[in-house]
Amino acid sequence: MAYITNYTYSQLCQRLEISIEIGLDIFLNHIYPDKDLYVIFNDFERKFLFNYSTILKDEELFLLKYYKYVPDHKDSKTFIMEKNKSLKYHEDYECKYLKKKFFGILIPKDLKSKGNEAIDDLRKWFLAKGFQQDYHNGVLDISKVTFAYNMKFPKKYGTIPLNEGYSLVVEKPNSGSIQVAQSFDSEQFESEILQLKEKYFSIFKGYELSAMYHLDYLSMKSDNEFISVISNEMNSEFSVGNARHLKSKLLQARKIKIQIIKLLLEYFKWTYKITEKNFHKPSLDSFGVSVCSNCDSRNVSAIF
């Protein structure tokens, strides 16, 4: 039996490429029978929901019928120690990495804006100074990293020094192995979906709806980038004021969409009995998910 965290399963379902397009019929038959939700979601989100539900239902069928490949993981240039390795599963439910917190050290935005050469320079410096080894040994002092950074990079790249309160570290609790609530109220679920749909559609009154639904990802962009992209998408010029107003609406829509997705994921877990799910290691291996090093070393120790 293999165990994976919520984060790993979510990442896997986002990454997997499939051999079919998620049209309306497939959405209604394999994801959820609601045409409004089909319209609300974009292609990426439909694929994610299809992967999430179909693998839970029958991962071996998914592998044989729908699975295409897993693209190489792209470096987001967000963290100094970017995780460019495969996703991991665990063979031991007590494995320390199944419950370990996420800890990441951010690349300062000011330096990130200087391009790949500056990012590569930072990463090599971080390794050469021994900070990466300190992190793995659990003795990394972030104040020392900040001080050493300020001694080199602002002068070299013309960036602003990091102040004492700069948030250089991202720390999140472990997502845990895939769990499900103790009960599921289908009537409440349907009522919440209906209410969220009504809220979502009310946001775009006065706009050309078909042009708005799939643009909520732009709400995360800077104002200048948002204006550039939205003007091109809508084939119309936007003033800063109008762009910010539209951006706020898209941000509201995105938050509602995330709520709908969370409800659907809980629905999938109950419908396909996640508590009885046994992930097969050969399937996970085929999806590019490998056994974690800690579990693997335990197996070697047990053999020898």
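This is a predicted model: local features need pLDDT of at least 70, side-chain atom pairs count only at pLDDT 80 or more; totals for chains, interfaces and linings use all residues.
1. Leaving aside residues up to four places away in sequence, Phe 41 touches Phe 27, Arg 46, Leu 49, His 214, Lys 257, Ile 260, Ile 261 and Leu 264.

2. Phe 41 also belongs to the largest nonpolar core, which has 59 residues. The members that touch the most others are Tyr 9, Leu 37, Phe 41, Leu 49, Ile 260, Leu 264 and Phe 268. Two or more residues come from each of the helices H1 (6-15), H3 (35-40), H4 (43-65), H9 (186-203), H11 (223-234) and H12 (240-271). H12 gives the largest share, twelve residues.

3. There is a second, separate core of 18 residues, and Leu 122, Leu 140, Ala 148 and Phe 153 are among them.

4. Leu 122 is also one of the buried residues of helix H6, together with Ala 118, Ile 119, Asp 121, Arg 123, Trp 125 and Phe 126. Just after H6, Gly 130 has a positive phi of about 85°.

5. Now for the whole protein. The secondary structure consists of 14 helices and six strands, and 39% of the 304 residues are buried. Of the contacts between residues at least 6 apart in sequence, 78% link residues at least 24 apart. The accessible surface is about 17900 Å², with 51% of it belonging to carbon and sulfur atoms.

Note on methods. Residues are numbered from 1 along each chain as its sequence is written. Side-chain values use heavy atoms; hydrogens and water are left out. Buried means under 20% relative accessible area, exposed over 50%, partly exposed in between (1.4 Å probe, protein chains only). Helices (H or I, at least four residues) and strands (E, at least two) are DSSP runs, numbered from the N terminus. A nonpolar core is a set of buried Ala, Val, Leu, Ile, Met, Phe, Trp, Tyr and Cys residues joined through side-chain atoms within 4.5 Å. Contact means heavy atoms within 4.5 Å. Accessible areas come from the Shrake-Rupley method with a 1.4 Å probe; for residues, only the protein chains shown count as cover.
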